Amino acid sequence: MIWEIWQYLNTPTALHYAKPMGFVKESIAMAARAKRCQTTWQPHYQACQDAILEIAELCEEKRKVLIFGAGSLQDIPLDALSELFDQVLLVDLVFLPDARNQAAAYTNVQLIEYDVTESLDDLYHGNHYVAIPKRWLNDFGVDLVVSLNLMTQLPLMPVKWLESHFQLDEVEADDLGQMLMAAHLHYLQQFSEHADSRDNPLICLISDRWVQRFDKNGQLIKEFDPWGDVLKPETQKEWDWQIMPLGEASRHYSQVNRVGVSIL
Ligand SMILES: C[S@@+](CC[C@H](N)C(=O)[O-])C[C@H]1O[C@@H](n2cnc3c(N)ncnc32)[C@H](O)[C@@H]1O
């Protein structure tokens, strides 16, 4: 608990809504979960790193790589990307002190606190407005874009905030979540549409695509699609992430997320 409080107090935030909307608390909780579940999460982190490196090797030019949802940096092959690319831009709402220390070891790695939905300021004020994100679309030096375990997380905190502060109902919550995810997919796709043929960046989406819960006897008790009605692009590769071993979120069930890699 003291460690959690220390991190909260020692995490600077450039975005005024990051603390009130709960993003800093959530990042700290996720870091604690990652520590507790180190053994079951490691294969997932490794699979993410391998997938990013495979696609990075395919880039004809290696000027800038842009990673959305960088968070703890544990699923990023930072050494290799820093060697391969001139610039590594890591984007998230929150970077805890540990991620800041890791990034500081590289001269060409930059942490950027930014809302990839470009909607959070409005949502914080209770306006149900979902923007069409634009930043970096005209940066023709970007050769690789990665959305990293971020897609299905986009609705969670904004919906919680609006439910508790602005009486968002269930239907509105579902609609908003779907709009945020669809807008993110559209944003990623726009990178190749904006580029001219000489500067076509590669775009990689790594995201969970199916969630399964099992009781303590290993029987499937629930499964759902975290994308809802948003059309999922095809995957090149998939694996299971043992995200909640029995006892982590509940004594009664464990959870496995199917994660997929898509090249857009
Ligand atoms: C499941 S975590 C994955 C983070 C990191 N890839 C890892 O495994 O540690 C999702 C990340 O998305 C970030 N995030 C959520 N909404 C965001 C937004 N609108 N803009 C930028 N980052 C966001 C969170 O802060 C969090 O770090």
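In the predicted model, helix H1 passes helix H2 in a right-handed crossing. H1 spans residues 2–9 and H2 spans residues 23–36, and the axes of the two helices come within 10 Å of each other. The crossing angle is roughly 140°. Angles over 145 degrees would count as roughly antiparallel, so H1 is classed as oblique to H2. On the H1 side, the residues that meet H2 are Trp3, Glu4, Gln7 and Tyr8. Their counterparts in H2 are Val24, Lys25, Ile28, Ala32 and Lys35. By class, this contact comprises five nonpolar residues, one polar residue and three charged residues.

H2 also packs against helix H3, which covers residues 38–58. Here the axes are 6 Å apart and the angle is about 100°. Because angles from 65 to 115 degrees count as roughly perpendicular, H2 and H3 are described as roughly perpendicular to each other. H2 contributes Met30, Arg33, Ala34, Lys35 and Arg36 to the contact, while H3 contributes Gln38, Trp41 and Tyr45. The residues of this contact divide into four nonpolar, one polar and three charged. Lys35 of H2 is listed in the contact with H1 and also in the contact with H3.

The model also contains a ligand, which is surrounded by 19 residues. The closest of these are Gly69, Ser72, Asp75, Asp92 and Asp115. Two of the closest residues, Ser72 and Asp115, approach the ligand through side-chain atoms. A polar atom in the side chain of Ser72 is 2.5 Å from a ligand oxygen atom. For Asp115, an N or O atom of the side chain lies 2.9 Å from a nitrogen atom of the ligand. Val116 is placed with a backbone N or O atom 3.0 Å from a ligand nitrogen atom.

Technical notes. Residues numbered from 1 in each chain as written. Predicted model: local features only at pLDDT ≥ 70, side-chain atom pairs only at ≥ 80, totals over all residues. Heavy atoms only, no water. Axes fitted to C-alpha atoms, helices over the stretch in contact; angles between N-to-C directions. Helix = DSSP H or I, 4+ residues; strand = E, 2+ residues; numbered from the N terminus. Parallel < 35°, antiparallel > 145°, perpendicular 65-115°, else oblique. Left-handed = near helix turned anticlockwise from the far one by under 90°. Contact = heavy atoms within 4.5 Å. Nonpolar A, V, L, I, M, F, W, Y, C, P; charged D, E, K, R; others polar. Near = heavy atom within 4 Å. Polar contact = N/O pair within 3.5 Å; in protein donor to acceptor, adjacent residues only side chain to side chain.
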